[in-house]
2 protein chains.
Amino acid sequence: MTKATIKDVAKLANVSLKTVSRVINNEPTVRAAKVKLVQDAIQKLGYKPNLAARNLRSSKGYALGLVYDNPNPYYIIDMQNGALSICREMGYGLQIHPCRSDALSIADNLVQLVKNNDLSGLVIAPPVSERADIIAVLKANNIHFVGIVSGSEEDKTLSPCMCVDDRSASRIITEHIISEGHSEIAFFWGEEVHKSSPERYKGYVDALQTHGIALNEALILQGQYSFDSGYVNAQKILALKHRPTAIVCSNDEIAAGAMAAIKSAGLSVPTDIAISGFEDSPFSRHSSPPMTTAKQATETIAASATKFLINKIRPISQEERGEETVMIFSPELIVRQSTLSPSP
Amino acid sequence: MTKATIKDVAKLANVSLKTVSRVINNEPTVRAAKVKLVQDAIQKLGYKPNLAARNLRSSKGYALGLVYDNPNPYYIIDMQNGALSICREMGYGLQIHPCRSDALSIADNLVQLVKNNDLSGLVIAPPVSERADIIAVLKANNIHFVGIVSGSEEDKTLSPCMCVDDRSASRIITEHIISEGHSEIAFFWGEEVHKSSPERYKGYVDALQTHGIALNEALILQGQYSFDSGYVNAQKILALKHRPTAIVCSNDEIAAGAMAAIKSAGLSVPTDIAISGFEDSPFSRHSSPPMTTAKQATETIAASATKFLINKIRPISQEERGEETVMIFSPELIVRQSTLSPSP
DNA sequence: CCCACTTTTGACAACGTTATCATTTTATTT
DNA sequence: AAATAAAATGATAACGTTGTCAAAAGTGGG
């Protein structure tokens with residue numbers, strides 16, 4: 001009773017072990033009548049296949065791995081939830097694997113991870129997904145994976161991947177700001193290791209060019225994806241003799257930092273300086289004023305990536321299959337007060 | 001080369017399969033000389049045990065599950081990282097399992113989860129860990145687990161568990177506020193399903209009693225662990241003809257909401273009303289003014305829980321063992337401007 | 001109704017490990 | 001040095017599933 005095996009099921013259904021196995025894996029070559037017999041027996045015994053045995057014989061793994069190196073908990077959680085929703089649907093477990101993408105040994109670590117935990121594949125978030133060397137090692141070791149990356153075209157190299165079109169989104173944000181009457185617009189970078197940051201920068205540049213606004217190097221500041229970075233950079237901007245009237249920030253945290261700096265200098269957002277973020281973190285809605293930002297459908301993207309990966313891994317069951325290797329997702333502009341010029 | 005097995009190792013080391021197995025599982029009854037032989041062979045071949053085979057034969061699982069139902073990403077991430085640090089050290093994988101603690105089927109789901117994914121045990125965060133019915137089912141199904149709960153004594157029932165002493169921490173926060181000269185102090189609850197909230201309430205009451213301050217029902221408001229709840233409740237408080245001079249909030253998000261409401265009513269924190277939170281979320285440091293709060297060592301707690309669980313699961317290897325069934329952790333008071341009365 | 005052909009089925013080996021228990025080696029006692 | 005106990009080792013049988021391949025059962029054409 002504690003543990004029904006295929007043997008028990010076979011006995012009860014009066015068929016061979018192999019036939020039961022066939023039914024379980026719904027192989028097509030079993031007569032309908034027997035299928036029913038077996039299924040009833042399975043039902044009656046409450047039989048559950050033994051994972052270990054199955055994996056041993058078929059050399060398949062236990063779960064998928066989710067690899068990331070990202071300081072933003074909101075982002076990670078969305079990612080996890082997206083991946084998990086599909087894993088559950090498909091009967092996979094999900095193991096998480098945060099890591100430092102700048103560690104030297106990371107590629108080997110990932111290979112180890114897969115072997116040691118018998119994972120069937122990896123879903124890899126940026127920026128790990130954007131490191132060509134790591135990807136190469138994975139491919140060399142025949143590890144199934146799918147990456148989530150920033151960027152729209154060029155990087156077919158990194159396939160298979162899900163792409164987030166940060167560039168367009170950033171362009172759209174910037175154009176929104178321009179349409180609010182600004183022409184002196186600063187840009188705050190995040191880390192360069194995250195490819196999203198250069199992409200977002202490109203989008204900013206695109207928008208300026210389209211509207212014939214010249215780039216002003218003095219208004220473009222390097223930094224990290226952090227509150228403090230935004231704070232510090234905003235102070236620098238405030239110290240300029242000729243201040244910009246808007247700042248496009250690479251993410252919400254930077255924007256929050258910038259906003260704090262501006263307020264503590266006695267100025268106001270958006271009247272004195274307009275601010276935009278990127279990511280739509282919960283706090284962007286709660287800041288005062290609420291923050292204009294771009295919302296990535298992180299959960300959806302992670303879900304798509306996971307679905308793609310599982311399809312890739314699975315013994316091509318009939319129709320499913322044939323999804324694209326590269327899918328593109330476009331973040332959505334969310335306009336809030338932090339960029340809305342008071343009506344004249 | 002692709003895959004070395006025990007057999008290969010045995011051949012190279014010129015010993016039997018079983019001896020190799022013994023070395024791998026460091027069983028004590030192998031002569032040092034042979035151990036060395038075998039280890040060298042393992043080294044040379046780059047041998048890695050096959051998880052599936054091992055699990056099949058020994059009917060053990062190879063990953064732990066982390067179960068939680070908590071809307072706070074910072075908390076979850078800390079939990080995950082704490083658990084993961086130990087898992088890695090001990091060679092376990094970690095599967096995550098967020099869930100709705102109010103779902104009826106949750107206990108069964110957990111049992112399924114363990115069976116389907118061959119998990120060796122569960123680390124369970126509140127509030128799931130606090131539901132006696134779920135715990136009972138787990139015990140009935142012989143599933144190894146450890147819970148993380150709020151509360152200091154009474155609940156030996158829920159053992160094995162790691163306890164967070166929310167009550168004392170809340171008392172300490174409240175006493176700090178009293179020592180700043182307040183005596184009209186409101187309290188904002190979180191959800192009652194989280195046992196942390198009643199515990200924190202008790203701590204608040206303890207402090208008032210100790211200092212001979214009478215409880216004022218009008219200042220005690222139900223709510224949820226959310227920004228909006230804090231906002232709404234603060235508005236209610238502000239509408240009172242006799243306003244309190246401080247609010248003790250059940251967590252940081254509530255506090256952030258309350259702070260926002262107070263500011264948008266044109267009042268100031270802490271001059272008009274002092275505010276305290278609980279949890280030390282990153283944004284509590286970045287709010288203006290920065291927020292007094294209590295910091296839970298979430299990562300440490302999760303790590304301890306995980307270590308405990310693994311010790312429990314493992315074939316008692318010599319010395320290790322004998323940890324307590326109930327461990328208590330005390331959050332630490334962090335004083336920031338939101339409760340500091342301006343010096344007179 | 002028989003033969004060739006396709007579909008369905010089952011017997012048995014195999015996956016890589018650990019458990020059991022008998023055997024050999026080493027240590028201890030007399 | 002023999003006898004006995006203790007420790008170390010190995011041969012072989014599991015664990016529960018799927019892969020292989022041959023046998024059995026249908027199907028159709030003549």
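## Backbone geometry

A:Pro270 sits in the loop that runs between α11 (252-264) and β9 (274-276) of chain A. Helices (H or I, at least four residues) and strands (E, at least two) are DSSP runs, numbered from the N terminus. The peptide bond that joins A:Val269 to A:Pro270 is cis, with omega about 0°. In chain B, a cis peptide bond with omega about 0° joins B:Ser288 and B:Pro289, and B:Pro289 is placed in the loop between α12 (282-286) and β10 (293-295).

A:Ser59, in the loop between α4 and β1 of chain A, has a phi near 40°, a positive value in a residue other than glycine. Most residues other than glycine have a negative phi, and most peptide bonds are trans.

## Basis of the values

The model is predicted: local features need pLDDT of at least 70 and side-chain atom pairs count only at pLDDT 80 or more, while totals for chains, interfaces and linings use all residues. Residues are numbered from 1 along each chain as its sequence is written, chains are lettered from A and ligands numbered from 1 in the order in which they are written, and side-chain values use heavy atoms, with hydrogens and water left out.

## Domains of chain A

Chain A is divided into domain 1 (6-49), domain 2 (63-165 + 298-332) and domain 3 (166-295 + 333-339); the bounds come from an automatic or database domain assignment. Between the C-alpha centres of domain 2 of chain A and domain 3 of chain A the distance is 29 Å.

In the contact of these two domains (heavy atoms within 4.5 Å), 15 residues of domain 2 of chain A meet 20 residues of domain 3 of chain A. Buried area is the accessible area (1.4 Å probe) that two parts lose on being put together, summed over both. For domain 2 of chain A and domain 3 of chain A this is about 1500 Å², with 47% of it on carbon and sulfur atoms. The side of domain 2 of chain A that touches domain 3 of chain A consists of 5 nonpolar, 4 polar and 6 charged residues. Here Ala, Val, Leu, Ile, Met, Phe, Trp, Tyr, Cys and Pro count as nonpolar, Asp, Glu, Lys and Arg as charged, and the others, Gly among them, as polar.

## Interface of chains A and B

Chain A brings 32 residues to the contact and chain B brings 31 residues. About 2700 Å² is buried between chain A and chain B, and carbon and sulfur atoms give 61% of that area. On the chain A side, A:Tyr74, A:Ile96 and A:His286 lose the most area to chain B, together 18% of what that side buries.

Across the interface of chain A and chain B, 0 salt bridges are found by the rule, and 7 residue pairs are in polar contact (both at pLDDT 80 or more). Elements that give two or more residues to the chain A side include α5 (73-90), β2 (93-98) and α10 (227-239). The largest share of that side, 8 residues, comes from α5(A). By class, the side of chain A that touches chain B has 17 nonpolar, 11 polar and 4 charged residues.

## DNA strand C

A residue is near a strand if one of its heavy atoms lies within 4 Å of it. DNA strand C is surrounded by 25 residues, with A:Thr19, A:Arg22, A:Arg57, B:Ser21 and B:Tyr47 the closest. Of the atoms of DNA strand C that come within 4 Å of the protein, 61% are accounted for by sugar and phosphate.

Bases of DNA strand C are approached by an N or O atom in the side chain of A:Arg22, 2.6 Å from a base oxygen, and by a polar side-chain atom of A:Arg57, 2.6 Å from a base nitrogen. An N or O atom in the side chain of B:Tyr47 is 2.5 Å from a phosphate oxygen of DNA strand C. α4(B) provides the largest share of the surface near DNA strand C, 4 residues.

## DNA strand D

Around DNA strand D there are 24 residues, of which A:Ser21, A:Tyr47, B:Thr19, B:Arg31 and B:Arg57 come nearest. Phosphate oxygens of DNA strand D lie 3.1 Å from a polar backbone atom of A:Asn50, 2.9 Å from a polar backbone atom of B:Ser16 and 2.6 Å from a polar side-chain atom of B:Thr19. α4(A) gives the most to the surface near DNA strand D, 4 residues.

Methods
A polar contact is a pair of N or O atoms within 3.5 Å; within protein, one must be able to donate a hydrogen and the other to accept it, and residues adjacent in sequence count only if both atoms are side-chain atoms. A salt bridge is a side-chain nitrogen of Lys or Arg within 4 Å of a carboxyl oxygen of Asp or Glu.
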